[in-house]
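Please review the structural briefing below, which is arranged by topic for use alongside the sequence and the coordinates.

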Amino acid sequence: MKNYTGYVFAALAAASYGTNPVFAKPLYADGMNPDSVLLFRYAFGIALLGLLMIWNGWRRHNLSTAFRVSRHSLPQLVILGILMALSSLTLFLSYNYMPVGIASTLLFTYPILVAVIMTLVYHEPMSWLVVICLLLATSGVGMLCEQTPPSPLLRGETPSGIAEILPLGRGNEGVSPFMIGALLVLLSSLSYAIYLVGLNKTRVRTIASMPVTFYVLCFGFLLFVWRICFGGAFTLPQHEVMWLNLIALGLLPTVVSLLLTAWAIQRIGSTSTALFGALEPVTAVALGIIFLGESINLREFLGMVLIFVSVTLVVYRRK
């Protein structure tokens, strides 16, 4: 029963994280940049999770220890916070170079990276069924991705802060926007893969999920403060209704997704949790169709079917 609960948590975590683009893209169109969007996303996430932890501590008459973690775990929490913030930043920057559905599907390379890291570094056995699941899911992602590189959202301009991440100079005029976006997503995928492994293989795995998530968000938030203070631009929504998007970003793909991910890893491990990330691009594509007016063809539909098959096989795979 514990394993099936972990599968449910992993699926819901992936679906929640897949809501990122549907809230972020309207904010870009409203004049905000990725650093400012993420600054508010993390700030609202910290506030919402902090209130939840206070309420939980008060309910259990243990408020004094609600935020307590071992000082020996702080360096690891700092690293995890930076990894999460870097993953968020590179993913949100990629939305400027490609449709959000493609960015979300390319992000799914992180389960492969998790499986490789766990096998090569921690010698975790990889069954043939897991390999088949990875191949099926990867094939599905490939079918979801369009072949024609789209134009960037910012009409060929380089987003603020991109130069600090990618070495874009005079020698890169021939690099297409799609290639830049793909590299950004791959960096996001690698950062998130290391984050997932870190949750499972470091001292923080012995800490409750809420404090871990809270401090990961706090340290990640400091990265965006630093970027904005040293060269970045601070922007605000031009329309009041867009504040709802910022709050939603702080709730669904931040607090809800990170908490469920941590709970899932405790129950089914990093590899299985990562494989359920296949639901992220499916969620992003579906929400793009409903809210952003994007369309889907037969090839993309078949890709979704392959992804769902791979996830189903993971649920029933033998340990």
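The points below cover the fold, the confidence, and selected local features.

This is a predicted model, in which local features need pLDDT of at least 70 and side-chain atom pairs count only at pLDDT 80 or more, while totals for chains, interfaces and linings use all residues. Residues are numbered from 1 along each chain as its sequence is written, and side-chain values use heavy atoms, with hydrogens and water left out. The protein has 12 helices and 0 strands, where helices (H or I, at least four residues) and strands (E, at least two) are DSSP runs numbered from the N terminus.

**Overall fold**
- Of the 319 residues of the protein, 52% count as buried; buried means under 20% relative accessible area, exposed over 50%, and partly exposed in between, with a 1.4 Å probe and protein chains only.
- Among contacts (heavy atoms within 4.5 Å) between residues at least 6 apart in sequence, 89% join residues at least 24 apart.
- The accessible surface of the protein comes to about 14800 Å², and carbon and sulfur atoms account for 68% of that area. Accessible areas come from the Shrake-Rupley method with a 1.4 Å probe, and for residues only the protein chains shown count as cover.

**Confidence**
- The average pLDDT (the predictor's confidence in each residue, from 0 to 100) is 82 for the protein, and 87% of the residues score at least 70.
- Where pLDDT is low, the predicted coordinates should not be read in detail.

**Salt bridge**
- The structure holds 1 salt bridge, defined as a side-chain nitrogen of Lys or Arg within 4 Å of a carboxyl oxygen of Asp or Glu.
- The side chains of Asp-35 and Arg-227 form this bridge, at 2.7 Å from N to O. The pair links distant parts of the chain, with Asp-35 in helix α3 (residues 34-59) and Arg-227 in helix α9 (residues 209-229), 192 residues apart.
- Both partners are buried: Asp-35 has a relative accessible area of 3%, and Arg-227 one of 11%.

**Buried positions**
- Asn-20, in helix α2 (residues 20-29), counts as buried at 0% relative accessibility.
- Leaving aside residues up to four places away in sequence, Asn-20 touches Arg-41, Phe-92, Tyr-95, Leu-249 and Pro-253. Asn-20 and Pro-253 are 233 residues apart in sequence, yet 6.0 Å apart in space, C-alpha to C-alpha.
- In helix α6 (residues 110-120), Tyr-110, Pro-111, Val-114, Ala-115 and Met-118 are buried. Seen down the axis of α6, these buried residues fall within an arc of 140°, so they line one face of the helix; the arc is that of the directions from the helix axis to the C-beta atoms.

**Nonpolar surface patch**
- Ile-289, Ile-290, Phe-291, Ile-296, Leu-298, Phe-301, Leu-302, Val-305 and Val-309 form a nonpolar patch on the surface, with about 820 Å² of accessible area together.
- Patches are made of residues with over 30% relative accessible area and no salt bridge; like charges are joined within 9 Å, and nonpolar side chains (Val, Leu, Ile, Met, Phe, Trp, Tyr) within 5 Å.
- Helices α11 (279-291) and α12 each supply at least two residues of the patch, and α12 gives the largest share, 5 residues.
- Leu-302, in helix α12, is partly exposed, with a relative accessible area of 39%.
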